[in-house]
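Hi,

Here is the structure I promised to pass on. Have a look at it first, and then read my notes below.

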Amino acid sequence: SERMKTDLITNVSHDLKTPLTSIINYVDLLKKTGIQDPKALECIEVLERKSQRLKKLTEDLVEASKASTGSLTVNRERLGMVQLVRQALAEYDDRFEGAGLTVVPQLPEEEHYIQADGRHVWRVLDNLLSNCNKYALPGTRIYLDVYAWDGSVVLTVKNISSQALNIPADQLMERFVRGDESRTTEGSGLGLSIARSLTELQGGAFRIDIDGDLFKAVVSFPEDLTPPPVPALPETEGGADLPPENMEENRAG
């Protein structure tokens, strides 16, 4: 049943792409025709905004179905979690400021490394920060911590929800579920589901805790404790590329 549902989502999303691409292209053509009527310009702006939202939703649908079935490619590499988090926060700095949110990061001085796919980890971070930007109560703080614990690198993101979180944490991670039951916000309800699937696809763990209006997401990956490669010594004149025994013979010669 789950496989059939995933196939249905993938196929429908794919079929939506062709007419949606046409809509987006024709909206772009309308913008270039020099229309001066304010009402027409307002309608074009709404068409563009809604078509882009639908495009994002169909892309999220495809990614959610692929991630949940494990059909996405994972190219693991050594990644610095602290550096990734700093980059993600820099990307969201203006958006958080515009939403009246203050970030309180607790990041260690030393780097903590994981073995993961940089694209997928970035999407997890992007979804978590986007979730805060959409649903956090304006004028509150977002607490973000990175630390090593029990062989794992752990990221926690905490914020106060603008809507009452009167649903279980597990249900909040299901597809199309959002904290605001009125569904008046721009979110699709897929962000947390995608983040959990991508995390688990890379051997990590994803958990949500809810305490009143406090929302807390916990993401962990196994820590990579492999020593970094030793840089090669610079070559010097006089046979630096010879093995030690040959160097001794060279001196003797």
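Which polar contact joins the side chains of D224 and T226, and at what distance? The contact is 2.9 Å, where a polar contact is a pair of N or O atoms within 3.5 Å; within protein, one must be able to donate a hydrogen and the other to accept it, and residues adjacent in sequence count only if both atoms are side-chain atoms.

Before the rest, a word on the source. This is a predicted model, in which local features need pLDDT of at least 70 and side-chain atom pairs count only at pLDDT 80 or more, while totals for chains, interfaces and linings use all residues. Residues are numbered from 1 along each chain as its sequence is written, and side-chain values use heavy atoms, with hydrogens and water left out.

Now the overview. The protein chain has seven helices and seven strands (DSSP runs numbered from the N terminus: H or I with at least four residues for helices, E with at least two for strands). Starting at the N terminus, the order is α-α-β-α-β-β-α-β-β-α-α-β-β-α. Of the 253 residues in the protein chain, 37% are buried (under 20% relative accessible area, with a 1.4 Å probe and protein chains only). Taking the contacts (heavy atoms within 4.5 Å) with a separation of 6 or more, 71% are between residues 24 or more positions apart.

Back to D224. This residue sits in the loop between β7 (214-222) and α7 (244-252), and its relative accessibility is 10%, so D224 counts as buried. Its side chain also makes a polar contact of 2.8 Å with the side chain of Q115. Neighbours within four places in sequence aside, D224 touches R78, Y113, I114 and Q115.

Next, the helices. The axes of α4 (residues 118-135) and α6 (residues 191-201) come within 9 Å and cross at roughly 150 degrees (axes are lines fitted to C-alpha atoms, for helices over the stretch in contact, and angles run from 0 to 180 degrees between N-to-C directions). That makes α4 roughly antiparallel to α6, a label for angles over 145 degrees. On the α4 side, H120, R123, V124, N127, L128 and N131 meet G191, L192, I194, A195, L198 and T199 of α6. Within α6, the buried residues include L192, I194, A195 and L198.

Helix α4 has another partner as well: the axes of α3 (residues 81-98) and α4 come within 10 Å and cross at roughly 35 degrees. The α3 residues in this contact include M81, L84, V85 and A88, and those of α4 include V121, W122 and L125.

Q202 is found in the loop between α6 and β6 (205-211), and is buried, with a relative accessible area of 2%. Its side chain reaches the backbone oxygen of L198 at 3.0 Å. Leaving out neighbours within four places in sequence, the contacts of Q202 are V74, R76, A116, D117, H120, V121 and F221.

Cheers

Note on methods. Angles under 35 degrees count as roughly parallel, over 145 as roughly antiparallel, 65 to 115 as roughly perpendicular and the rest as oblique. Buried means under 20% relative accessible area, exposed over 50%, partly exposed in between (1.4 Å probe, protein chains only).
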